[in-house]
Amino acid sequence: MNPAKPQPAASISSHPRLSAKAERFTESVIREMTRLALKHGAVNLSQGFPDFPAPAEIKHAAQEAISADINQYAITWGAKRFRDAIAEKFEHAQGMAVDPEREITVCCGSTEAMMSTMMAIINPGDEVVVFEPFYENYGPDAILSGAAPRFVKLRAPDWTFDPDDLAAAFGPATKAIILNTPNNPTGKVFERSELEAIRDLCLRWNAFAITDEIYEHMLYDGAKHTSMATIDGMRERTITINALSKTYSVTGWRVGWAIASPEVTSAIRKVHDFMTVGAAAPLQEAGAAALKFPQSYYDTLAREYALRRDRLLAILAGAGFHCFKPRGAYYIMTDIAAFGFPDDVAFAKYLVTEIGVAAVPGSSFYNDPADGRTHLRFTFCKTEKTFQAAANRLAKLPYPRR
Ligand code: GLN
């Protein structure tokens, strides 16, 4: 061998193997759609983040916290003032007292709260029950924590589930059920009777309920939100996840939390500590101020979202989409079969590149992409200006043949 002669670079296949877990899932399709919207200058009705300002009070509180030099680590499981405010609000809204010293962990968004929770409770061989369609993060959450998901279908148009399907998904290996109410992407708000049916199975099989309640204040047509933790027998086995993101229109702040029994909380706190150390300290102070907003703030929020929902429903129906009217959260699931495209991904691509509107392909919410091939999800956490632009562009869409 001539040492002066440069050797060819090692081929990719000779690299050390990457994580088999990481190979089992893709980049988030929701977040990819936002990148595509930016690239094509499309109106972005894909990823669920508001394009209007956050309340002035929460922004001032954050600015003041930074000026007051709250710029070092908060306590790893959350600043005391913030945890106290979370406990107070939960008791006010749900009538359940929780101990901020032992039952709350503040995390970097509900995304981290969910992942830390999964890592804290899952062992090899454990299964988690997941209603489908589901928020896409729950798939990678299961893979990374090592849980095997068991899917239970929510069926259109009302997104109800068959109690027999649910019972069949539970068994001796079930560690938890993941519940998201109000639900992304369907807009379903689980009824008390449904929560009780889930409770019965959790008790029978000694399972946890992990409930993602981030859309708790986006409720329409008289729908009521019930926290699973308040259902008889569920306080000790429920992990309640929430965040500032949606309620206060600060999705980029990354501040969320998990409420759970002291025993579960101590496991979540350990995982959280070594994963992220803590959420942004000044933003936790701002969160403490926001959680004290008067009831009128939440009433106005829900009323304004109901108007946005109706606006987008009218635009989509006018453009030929079959819409499933949501009772909560801020998404509209649609049926696109009448447009005659081969599948949801092809249609979403056409919409973003040719029409100039970004939405999320339904397959991102299903384990088997074929189950979502006639669905497309739109979000309505947007301003009138955005709706108007979307309406103008969707008017170019050839109306489907009936
Ligand atoms: N929950 C939002 C959605 O479904 C996105 C959240 C995120 O991208 N982290 O669009």
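1. The accessible surface of the chain amounts to about 17800 Å², and 55% of this area belongs to carbon and sulfur atoms. Areas were computed by the Shrake-Rupley method with a 1.4 Å probe.

2. The model is predicted: local features need pLDDT of at least 70, side-chain atom pairs count only at pLDDT 80 or more, and totals for chains, interfaces and linings use all residues. Residues are numbered from 1 along each chain as its sequence is written, and side-chain values use heavy atoms, with hydrogens and water left out.

3. Twelve helices and 13 strands make up the secondary structure of the chain (DSSP runs, with helices being H or I of at least four residues and strands E of at least two, numbered from the N terminus). The radius of gyration is 22 Å, close to the 21 Å of the globule rule for 402 residues, so the chain is as compact as a globular protein of that length. This radius is taken over C-alpha atoms, and the rule is 2.2 Å times the number of residues to the power 0.38.

4. Of the 402 residues, 54% are buried (under 20% relative accessible area, 1.4 Å probe, protein chains only). Among contacts (heavy atoms within 4.5 Å) between residues at least 6 apart in sequence, 76% join residues at least 24 apart.

5. Helix α9 (residues 281-290) has nine of its ten residues buried, so it is largely enclosed by the rest of the structure. Among the buried residues of α9 are Pro282, Leu283, Gln284 and Glu285. Their cover includes α2 (56-67), α3 (80-94), β2 (104-107) and α10 (295-318).

How values were computed
Buried < 20%, exposed > 50% of the residue type's maximum accessible area, 1.4 Å probe, protein only.
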